[in-house]
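Colleague: I would like to know where the labels on this model come from. Please take them one at a time.

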Amino acid sequence: MSEQRFEGAPLDNSGAMTYGDYLDLDRVLGAQHTRSGDHNEMLFIVQHQTSELWIKLMLHELRAARERIREDDLAPAFKMLARVSKIMEQLVHAWDVLATLTPSEYSTLRPHLGSSSGFQSFQYRELEFILGNKNAAMVRAHAHRPELQAQVAAALAEPSLYDEAIRLLARNGFALEPIQIERDWRAPRPHSDLLQAAWLRIYREPAGHWDFYQLAEEFVDLEDAFRQWRFRHVTTVERVIGFKPGTGGTNGVSYLRKMLDVVLFPELWKVRTDL
């Protein structure tokens, strides 16, 4: 072994871009600022920071998939949507790590969180909006940061991923109500019997509509994974804090349980009864 190399790799990286340089690890690994002095706070911070990084990647993929659907280019969108489903699986398993935090351990660090809460995550709000769960009131939660409020408001005003899929079906000859194709995208989307009939036709004739059939199944995979993520979230919160209010002021577990009832792609779930 040369003193300058190990297994062929140079040991002197002066002047070269290193792993740490490329990933900006000085800033990433320097961003964990504990406040309580408690050993377990590092887990709590890393859990939430890594979740935000995964959400950033999901938004990156979902926006690109939406653009591909908008341009009738479905093959790349399938891969992007499948990747997001896998990311959500990763986030489901991440709750197992946070669940190692016992109620007594969390009680020690909770006073140091102040009013900070995942409810205030602007990225999560953008994720819900692109998936079609539109609620204009949520934009106000970011009024303390005007630049973030503008970013969340812009996400609210965009067609959701499902909206673009519906417009795709309309472009390809499926009869749909005009309000499904063009409307104020900030408002919740009304249920459509015609859209349900369109999906039913696609599921009954998959060979003749294979791309739309695959798109529908990618959406169902996506919502399936998202539901599991939400369920694991509420279970972990109940395990750690019981029914205490959340630090951000929500009703905690009862609020999260209401979110379990939100259906992102309702016609795709209802069509299964009709088949």
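Modeller: This is a predicted model.

Colleague: What makes Asp-24 partly exposed?

Modeller: The label covers values between the 20% limit for buried and the 50% limit for exposed. Asp-24 has 28% relative accessibility, so Asp-24 counts as partly exposed. Asp-24 is found in the loop between helix 1 and helix 2 (25-29).

Colleague: Where is Glu-7 found, and is Glu-7 buried or exposed?

Modeller: Glu-7 is in the loop between strand 1 (5-6) and strand 2. Its relative accessibility is 73%, over the 50% cut-off, so Glu-7 counts as exposed.

Colleague: How do you know that Ser-14 is exposed?

Modeller: Ser-14 has a relative accessible area of 63%, and the label needs over 50%, so Ser-14 is exposed. Ser-14 is found in the loop between strand 2 (9-10) and helix 1. From Ser-14 to Glu-126 there are 112 residues in sequence and 41 Å in space, C-alpha to C-alpha.

Colleague: Why is helix 3 called roughly parallel to helix 8?

Modeller: The axes of helix 3 (residues 41-70) and helix 8 (residues 161-171) cross at roughly 10° and come within 9 Å. Angles under 35 degrees count as roughly parallel, so helix 3 is roughly parallel to helix 8. The crossing of helix 3 and helix 8 is left-handed.

Colleague: How many helices and strands does the protein chain have, and what share of its residues count as buried?

Modeller: The protein chain has 13 helices and two strands. Of its 275 residues, 40% count as buried, a label that needs under 20% relative accessible area. The C-alpha trace spans about 65 × 55 × 35 Å along its principal axes.

Methods: Residues numbered from 1 in each chain as written. Predicted model: local features only at pLDDT ≥ 70, side-chain atom pairs only at ≥ 80, totals over all residues. Heavy atoms only, no water. Axes fitted to C-alpha atoms, helices over the stretch in contact; angles between N-to-C directions. Helix = DSSP H or I, 4+ residues; strand = E, 2+ residues; numbered from the N terminus. Parallel < 35°, antiparallel > 145°, perpendicular 65-115°, else oblique. Left-handed = near helix turned anticlockwise from the far one by under 90°. Buried < 20%, exposed > 50% of the residue type's maximum accessible area, 1.4 Å probe, protein only.
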